[in-house]
Amino acid sequence: MFKIPKQWEEFTESSDFVYLQQTNHVGPYLICFLKSITDLNVVNEQILDFLGNYTGDQFDALFESMPIADKELSSDWNEIRDKLLLGYVTIQQATSNKTILLNASLSKGRVVSKPEIEFSVEGSKEALVESLDTNLNLIRKRLPTASFRVKELHVGDISNSRVAICYIDGITNEQYVNTCLQRVKDIQFDTVTDISFIQQLIEDNSNSIFPQMLGTERTDRIVWSLTLGQVCILVDGSPNAILGPVTFEHFFTSYEDYFLPWILGSIIRMIRITSVIFSILASAVYVAVLTYHGHGISNNFLPTIIASRINVPFPPVVEVLIMEMAIELLREAGARLPSKIGQTIGIVGGIVLGTAAVQAALTSNLLLIIIALSAMASFTTPVFRMSNTIRILRLPFILFAQMWGLLGIFLCSVIVVTHLLRLTSLGMPYLVPFYPIRLKGLTDKFIRPPYSKFHHRPEYYRTKNTIRFDKQKAKLKKDIDE
């Protein structure tokens, strides 16, 4: 019989390691696989049945005859071990120094479901799942073009996670692709289980609270971004992808804007941008005005403020910090509890705490309204990571307002804008097209234009092909139809 090689001893202590010794016309051979990640139906019905009926007498001929599409012949032990850990079946023969590797991996996971974070009323209801192959299938069926490219790498000394870098050849600037490939290859980390690890490790400035890569779970948004000239990165085991390079305004643009008529989409986008500004500045302005600029309050409004704060023992900044902390506690409690309980905690807790805080003279009615509106305004941010950044950004504005009033708010704004000016995404300026100014790139920023204006890709992506469609032909076709 075929004696098991010494190299397999590191696997024999695992209960899911299976090795079978058989004999046919080729001679004695050894079959090894890990049953926990191998499809046993493939092993039994396609591999073992074929070996039992095989009448040839050459090992190389056996390899050519195996009824498995994904197969390899290797003598490199490191490659054999890595393939075994991916669900491959190995076949070794006593008289040959080569090993047959047959892909029989078992893939289990969630079925394709609706987006949970980027939910929209209109548009596709397909979201990414944890399987990389499934995610690539979802993207490829929306991009039936030979120009779609996938570069696969393995990252993590222990996890050996599969990472796919996707782009469209002939559109995407090769510099962005090469930058992503190089940064992913240079990652030195033992375990990479989610796309968040990749994002933090390859971003231009990992010390910034502002995300420099756009995370998404929507396949339609990925396809749209790829056609614009961006690069998409996927990780096996993660139901999200990251897109780059991106600009600051991308994080306040919802993909659902493109499903609505352009006038409605533009109005909703402006409301969203206004809400974000209000969420950041509302509490800080409240502190600044009541601490330093009370003379600027209207005489008609002043009695209301005095009556609201007459029994509050704390200065405005302490009052604001107490309410901000209460809101954040409710938000975190609602996020960590099961969905139905979390919704109950958020609603009931907000009502109870708000009422109790006013009755106990810990806060004023006016501040309670401001904090509630500010919290709701922060939820309009369509990207979760930027929403968290907005939550954190309110704190320095409040502290600067306490120290220098409205001047402090201005100074804090200057610091934030200066930081944004220094940021880049895969080497592209973060605030482009506002700085450096790109007039043609301002088309789809504050206003969502009609589709007839999308005939050119944004110039700041420096794409190989800037034209999306022929504007003159599109206009001529419209005139003929009319």
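Reader: Hi! I'm new to this one. How many bridges join strand β2 to β4?
Author: Welcome! In this predicted model, strand β2 (residues 27–34) and β4 are joined by 4 bridges, and the two run antiparallel.

Reader: Thanks! Which residue of β4 is the bridge partner of I31?
Author: That is I91. I31 itself has its place in strand β2.

Reader: And is I31 buried or exposed?
Author: I31 counts as buried, because its relative accessibility is 0%, and the cut-off for buried is under 20%.

Reader: OK, what is I31 in contact with, leaving aside neighbours within four places in sequence?
Author: The residues in contact with I31 are V18, Y19, L20, L48, L51, V89, T90 and I91.

Reader: Back to β4. Which strand does β4 form a hairpin with?
Author: With β5, and 5 residues lie between the two. Strand β5 covers residues 99–103, and 5 bridges join β4 to β5, which run antiparallel.

Reader: Nice. Which residue in β5 does Y88 stand opposite?
Author: Y88 stands opposite N103.

Reader: Which residues lie on each side of β4?
Author: Y88, T90 and Q92 are on one side, with V89, I91 and Q93 on the other.

Reader: Last one! What separates the C-alpha atoms of I31 and F197?
Author: A distance of 36 Å, with the two residues 166 apart along the chain.

Key:
Residues numbered from 1 in each chain as written. Predicted model: local features only at pLDDT ≥ 70, side-chain atom pairs only at ≥ 80, totals over all residues. Heavy atoms only, no water. Buried < 20%, exposed > 50% of the residue type's maximum accessible area, 1.4 Å probe, protein only. Pairing = 2+ DSSP bridges. Contact = heavy atoms within 4.5 Å.
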